[in-house]
Amino acid sequence: MNAMTASYRHSLDNGVLFAVLSATGFSLKAIFVKLSYAAAPVDAITVLSLRMGLALPLFAWLLWLSRSTGQTRLSAKDWAHVLLLGMLGYYLSSLFDFYGLQYISAGLERLILFTYPTLVLLLQMLAMGERPGPRTFLALGLCYLGLSIALVHDIRVEGDSEQILLGAAWVFASAVTYALYYLGTGVVIRRVGSMRLAGLAGGSSAIMVLVHYAISGDPTQLASLPGEVWLYGALMALLSTVLPIYWLALAVQRMGASHAAMFGNLGPVLTLFAAWVLLGEAITLYQIAGLALVLLGVSRLSSGKRKTA
């Protein structure tokens, strides 16, 4: 028992437990979305509004946790950057992702989203006028070969290529907007701080989502939604939105950003198995092969970036 307690305390001190919890929370988001769609005839903006509306007070909690006497006062330019990041990272990226989950499996969705590091690299190279080297081309080829295997497999199993391709396109658009958000955080995070930025960007995006729903949706419908949809929305807000951001900040404090980011590789694996257990989605050799290739490509890309740095 003492050994288990010592191991638990060690994982808290070095940040491993927080990094694993964060990856687990983020990976469950697609599961909660699919469960919401199965529980009632709800659309993407309704489910997203539940998630962000319930998360809004929790984003305020993140801001309270991030307070300090030496905080930099935000300029108008800082606020513009924060609002832009909120629009890209938590509003548009989430909305596109929720649209895509109406048509494709949770496992395929997480695999497509996981290609965002390749998009970050390509956008960086485009901005700096650089050309990808052989190592980068190999890593990109592995990623997109794995993704193609998983996509073709889902089309063969489901038999509805138009719906799956539409869902994949929405999720890929989500990955693009998230890559833009990821690039933009580098400009702001040193002045604002990671947890403070998450609270501000998340809170602003929650307001954007609620305004969107008030204009295009039917707020009176919320009162008639089944309790299961509200439960999944609350779990999504707590376990797959705010707490993972908090846990990730704690992990970064203890082990550094690069090491904490490595635990993100657990995301597609956890989603695949959670979808199997909770949604009844099949796990096949094609999916495992596609997942392995994407993970290998992203890991080679990440190791190459660390060596360059």
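Two residues are in contact here when they have heavy atoms within 4.5 Å of each other. By that criterion, and leaving aside neighbours within four places in sequence, Ala44 is in contact with Tyr37, Phe98, Tyr99 and Gln102. The model is predicted, so local features need pLDDT of at least 70 and side-chain atom pairs count only at pLDDT 80 or more, while totals for chains, interfaces and linings use all residues. Residues are numbered from 1 along each chain as its sequence is written, and side-chain values use heavy atoms, with hydrogens and water left out.

The overall architecture comes first. The chain has 14 helices and zero strands; in this assignment, helices (H or I, at least four residues) and strands (E, at least two) are DSSP runs, numbered from the N terminus. Of the 309 residues of the chain, 46% count as buried, where buried means under 20% relative accessible area, exposed means over 50%, and partly exposed lies in between (1.4 Å probe, protein chains only). Among contacts in the chain with a separation of 6 or more, 87% join residues 24 or more positions apart.

The buried residues of H4 include Ala44, Ser49, Met52, Phe59 and Leu62. Their cover includes helix H3 (29-39), helix H5 (76-100), helix H10 (194-216) and helix H11 (227-255).

Ala44 is found in H4 and is buried because its relative accessible area is 1%. The C-alpha atoms of Ala44 and Ser94 are separated by 9.5 Å, although the two residues are 50 residues apart along the chain. Ser49 also has its place in H4 and counts as buried because its relative accessibility is 5%. Leaving aside its neighbours within four places in sequence, Ser49 is in contact with Val209, Leu210 and Tyr213.

The nonpolar interior can be described next. A nonpolar core is a set of buried Ala, Val, Leu, Ile, Met, Phe, Trp, Tyr and Cys residues joined through side-chain atoms within 4.5 Å. The largest such core has 48 residues, and those with the most contacts inside it are Tyr37, Met52, Phe59, Leu62, Tyr90, Phe98 and Leu197. Two or more residues of this core come from each of H3, H4, H5, helix H9 (161-192), H10, H11 and helix H13 (266-279). H4 gives the most to this core, with nine residues. A second, separate core of 21 residues includes Leu113, Leu119, Ala150 and Leu151.

Within H7, Pro117, Thr118, Leu119, Val120, Leu121 and Met125 are buried. Just after H7, Gly129 takes a positive phi of about 70°.

Ala19 lies in helix H2 (residues 16-27) and is buried, with a relative accessible area of 3%. Ala19 and Ala251 are 232 residues apart in sequence and 5.3 Å apart in space, C-alpha to C-alpha. Once neighbours within four places in sequence are set aside, Ala19 is in contact with Ala251, Met255 and Phe263. Glu228, placed in helix H11, counts as partly exposed because its relative accessibility is 42%. The C-alpha atoms of Glu228 and Ser36 are separated by 7.3 Å, with the residues 192 apart along the chain.
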